[in-house]
Amino acid sequence: MRVRLRNPDRLLEMAGPLTVADLLDRLDLLPHTVLVLSDRELVTAGHELADDAEVEIRPVMSGGASGAPTCAVCRAPAVLEERRHRAAWCATHLVDHVHNQIRKAIDHPPSGAPGERMCSYDQRLLVAVSGGKDSLALWDALVAMGYRVDGLYVGLGIGGYSARSQDICERFATERALRLHVVDLAETYGYSTPSGAGAAGRTACGVCGLSKRYAFNRVAVDHGYDVVVTGHNLDDEAATLLGNVLRWQEGFLARQRPVLPATGRNQVRKIKPLYRLSERETAAYCVVRGIDYVVEECPLVDGNTGTELKEVFDLLEHASPGLKAQFLFGFYERQDRLVDASVEETVVLADCGRCGMPTTGEVCAFCRQQERILAALPVLAAAGREPR
Ligand code: SF4
Ligand code: ZN
Ligand code: ZN
């Protein structure tokens, strides 16, 4: 059989027949860290791969796979198992499961006033899409669930990776007749993520994160959207929480909520409806819904410590399925008791003197960063060291 491994891409020839579990064992891959596709269909641990099968193994970062090979709802052959749910689903019921988890997150968020939903059907939502599995799965699900939701893609200028991501987002929107806003960092603000990082002397992820957060809010304000929706999932949020606890970052702990209400002018409510779903579930959802997404990682991801925390957490999750969800949901339940909300409440927002967006000072962090970058870029160019 031909086995295609992703990230990095490589092709192997293996003799079959083999079960998926045996194949993964031979390749020394942990089952819960990958999805296995045979002839473009998801297959589970006990599935037997023929000698002439075309197999693809896609990395995902979390979850758990074992046991039940039949759908928990209809008993048809399952396409995905999740150890933390002690359940498996066929393609149809996997879609229902993902929609149900999003429904639960939207209708019963752990923070906010009792009975207050993340968003409503009459609001205009803007989902930030990167071309990856989470944000495209989320856009697809929200549309299927009947919400009014447009997309926003921020072009970061990260070479071929950004070009491929933008192409995927544009095709996703065109094929479904959805509206996609595209903001190119270089065209709009004068720098790309790599050049900005070089000029600011910061990590690429630092420059990138601040620029994206600013662009999401700015586009939402400029176009009158009520809510910004992001594709942060259970793995992202659990790893962020672990990092915030390890460093005792009280301000971040107070702000780490799946709903961040708008607290002033020119600020749009932010929500994370995927916080109940693992990366594995969103990746599988994309496969069964026929959503093409960028499988490759951002090449600058090494500067992102969240990735290391996810890897550590994956080892714990493997030993104890459900630990991530217990950690994150348990924190949300206790957050008001554990974290001093006054850390956040004392923050007074004003309008940025340059762009008018909210800031705690006179000029917002984004404008200060942009000014620093635009001042440094010509100097670097003159010295022949212009970062690309
Ligand atoms: Fe931006 Fe870092 Fe994410 Fe790449 S890994 S998209 S640089 S935040
Ligand atoms: Zn089923
Ligand atoms: Zn500003």
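Analyst: Begin with contact: two residues are in contact if their C-beta atoms, placed from the backbone, lie within 7 Å. Helices (H or I, at least four residues) and strands (E, at least two) are DSSP runs, numbered from the N terminus. This is a predicted model, in which local features need pLDDT of at least 70, side-chain atom pairs count only at pLDDT 80 or more, and totals for chains, interfaces and linings use all residues. Residues are numbered from 1 along each chain as its sequence is written, with chains lettered from A and ligands numbered from 1 in the order in which they are written.

User: Which helices do the buried residues of α6 pack against?

Analyst: They pack against α5 (185-189), α7 (204-222) and α14 (365-382). A residue is buried if 20 or more other C-beta atoms lie within 10 Å of its own, exposed if 12 or fewer, and partly exposed in between. In α6 (residues 193-200), 8 of the 8 residues are buried, so the helix is largely enclosed by the rest of the structure. Just after α6, G201 has a positive phi of about 65°.

User: How is a pair of packed helices described?

Analyst: By the angle between their axes and the distance between the axes. Here the axes of α8 (residues 234-246) and α12 (residues 323-338) come within 9 Å and cross at roughly 70°. Axes are lines fitted to C-alpha atoms, for helices over the stretch in contact, with angles from 0 to 180 degrees between N-to-C directions. Among the residues that meet are L234 and L241 in α8, and F327 and F331 in α12.

User: Is V127 buried or exposed?

Analyst: V127, in strand β10 (residues 124-129), has 28 C-beta neighbours inside 10 Å and therefore counts as buried.
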